[in-house]
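Subject: Structure handover

Hello,

Here is the structure I promised to pass on. My notes on what turned up follow below it.

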Protein chains: 2
Amino acid sequence: MKTPEVAENPVNLTKCLQNVRVVLSHTSHPGNIGAAARAMKTMGLEQLYLINPRTFPDAQADAMASSAADVLQNAVVCSTLDEALQGVVLVAGMSARVRDISQEVLTPRAAMPLLVEQALQQPVALLFGTEMSGLTNDELARCQVMVRIPVSPSYTSLNLAAAVQLISYELRLAAGLGEYAAPLLSPAPAEQVERFFVHLEQALHDIEFLHSKHSTKLMQKLRRLYSRARLEQEEINILRGILTLSTEYHGKLKQQAKDKA
Amino acid sequence: MKTPEVAENPVNLTKCLQNVRVVLSHTSHPGNIGAAARAMKTMGLEQLYLINPRTFPDAQADAMASSAADVLQNAVVCSTLDEALQGVVLVAGMSARVRDISQEVLTPRAAMPLLVEQALQQPVALLFGTEMSGLTNDELARCQVMVRIPVSPSYTSLNLAAAVQLISYELRLAAGLGEYAAPLLSPAPAEQVERFFVHLEQALHDIEFLHSKHSTKLMQKLRRLYSRARLEQEEINILRGILTLSTEYHGKLKQQAKDKA
């Protein structure tokens with residue numbers, strides 16, 4: 001979907017999200033508008049279009065938007081769908097249910113890369129219908145792509161702002177912005193891990209926990225445990241420090257016993 | 001991650017979701033508890049554990065839960081983390097920020113398959129901290145897996161219920177329950193499409209839109225358009241019906257002109 005040049009340039013991808021407008025049609029509850037604004041902003045979307053919202057602006061919308069007040073303030077209130085879609089070259093409609101109209105319906109994961117690809121150059125829209133009845137047939141007729149979020153068959157009633165959250169998230173991931181600089185595990189190199197196992201085995205012999213007869217099997221079990229944990233260097237240092245002190249302590253006790261005898 | 005046997009058995013996978021408990025620690029706003037219950041239920045999760053919620057049960061929680069009232073009614077209110085994690089073999093903690101503690105942090109998409117794999121056999125937990133400060137260090141210490149939802153660097157403040165929604169969604173998809181029986185496009189077979197193009201070209205000649213000199217290039221452009229749309233049989237029938245009538249009408253006009261002359 002993305003050229004290598006684009007994939008390596010997060011600035012382009014962030015800009016591409018600015019080409020994505022979220023269009024909420026005839027929303028009933030202002031709280032949902034606010035929560036949708038917050039959901040959008042957490043994923044880097046900022047263009048909110050409202051077609052005939054029942055109540056807007058509204059204190060409840062402000063409260064639910066939290067610090068996404070700017071998204072609400074910049075929201076474009078429209079009286080028609082045409083107005084909201086002006087300049088848009090690709091419209092993805094969110095459908096909660098199977099329709100009579102036989103139209104291809106994609107999962108968010110399949111659809112969002114198409115939106116991203118287009119948004120790299122031109123404005124695209126995500127169109128959400130009302131809380132109660134979704135998109136009208138006239139609205140559906142304006143969508144080139146239909147998207148349905150997978151839900152549990154026994155309870156399909158996704159909240160509007162929750163749907164905006166999921167779609168915005170998938171869009172962010174499709175734009176390649178789903179990775180972050182995280183503190184990853186830095187496992188120690190093999191030779192350090194081996195030195196730890198040698199130290200461990202020696203220490204377990206010293207404190208007489210291991211006896212040569214059973215040592216192989218027990219050491220295999222301990223190897224399995226620590227291998228699974230993928231030890232970091234600092235952890236090896238801590239564990240070896242514990243081993244050193246344990247054996248010293250044990251050695252001193254043995255020496256004392258010998259001295260007394 | 002999944003054996004073929006399991007992957008082919010959605011009953012197992014639905015059951016596996018019942019082994020997933022959502023643990024909300026010290027939640028401040030009852031509305032978030034209700035919205036989280038609704039979010040869980042849309043994705044097939046039902047086990048809600050609440051550690052010392054500030055206000056519960058609560059009318060606002062009920063209102064936000066919508067028809068997920070059963071999830072709230074069956075919620076287990078605990079006074080300690082130990083209580084909430086009893087019987088759980090794998091704990092995934094949601095972290096909103098980079099911590100001092102150097103622990104490997106996974107994306108939801110990378111982490112949820114691990115949870116699903118384990119939940120096929122034994123209970124697992126998704127642990128969410130408070131709205132204001134997330135998980136405490138004591139809570140973090142109980143997590144085998146750390147998960148961070150990718151967010152926009154310029155606004156990271158994801159609502160608690162929105163986070164529950166995203167994680168539950170990723171879990172459902174990881175369990176292989178993200179596909180649905182959708183009305184897919186049923187493109188017509190090649191020979192039918194070809195017959196349409198032959199008909200189209202003939203009709204365009206008949207109505208004198210096409211002249212032999214330019215016909216190849218124009219037909220290529222029309223082919224490109226209709227190929228992109230991937231015509232279904234019914235659509236071909238409609239288009240050919242239009243072509244038939246257009247040429248008939250045009251033929252009649254020509255005949256009238258001839259008769260008059």
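B:Phe197 is buried, at a relative accessible area of 3% (buried is under 20% relative accessible area, exposed is over 50%, partly exposed is in between; 1.4 Å probe, protein chains only). B:Phe196 is buried too, at 1%. The ring centres of B:Phe196 and B:Tyr226 lie 5.2 Å apart with planes at 85°, so this pair is edge-to-face. Rings of Phe, Tyr and Trp (its six-membered ring) pair if their centres lie within 6.5 Å; planes under 30 degrees apart are stacked, over 60 edge-to-face, and the rest tilted. The pair joins distant parts of the chain: B:Phe196 is in helix H10 (residues 190-206) of chain B and B:Tyr226 in helix H11 (residues 215-229) of chain B, 30 residues apart. Helices (H or I, at least four residues) and strands (E, at least two) are DSSP runs, numbered from the N terminus.

A word on conventions. This is a predicted model: local features need pLDDT of at least 70, side-chain atom pairs count only at pLDDT 80 or more, and totals for chains, interfaces and linings use all residues. Residues are numbered from 1 along each chain as its sequence is written, chains are lettered from A and ligands numbered from 1 in the order in which they are written, and side-chain values use heavy atoms, with hydrogens and water left out.

Back to the rings. The whole structure holds four aromatic pairs over all chains. One of them is B:Phe196 with B:Phe197: centres 5.4 Å apart, planes at 50°, so the pair is tilted. In chain A, ring pairs link A:Phe196, A:Phe197 and A:Tyr226 into a cluster. The charged end of A:Arg223 sits over the ring of A:Phe197, 4.3 Å from its centre. (That needs NZ of Lys or CZ of Arg within 6 Å of the ring centre and within 35 degrees of the ring normal.)

Now the interface. In chain A, 47 residues are in contact with 47 residues of chain B (contact means heavy atoms within 4.5 Å). The two chains bury about 3800 Å² between them, 57% of it on carbon and sulfur atoms. Buried area is the accessible area (1.4 Å probe) that two parts lose on being put together, summed over both.

How many salt bridges are there between chain A and chain B? The count is two (a side-chain nitrogen of Lys or Arg within 4 Å of a carboxyl oxygen of Asp or Glu). A:Glu170 meets B:Arg109 at 3.0 Å, N to O. Helix H9(A) gives the most to the side of chain A that touches chain B, with seven residues. A:Glu170 is found in that helix, H9 of chain A. A:Glu170 counts as buried, at 2% relative accessibility. A:Arg109 forms a salt bridge with B:Glu170, also with its closest N and O atoms 3.0 Å apart. This pair runs from helix H7 of chain A to helix H9 (residues 160-174) of chain B. B:Glu170 is buried at 2%, while A:Arg109 is partly exposed at 30%.

Over all chains there are 12 salt bridges. A:Asp82 and A:Arg142 make one of them, at 2.7 Å, N to O. A:Asp82 is exposed, at 51%. A:Arg142 is partly exposed, at 34%.

Best wishes
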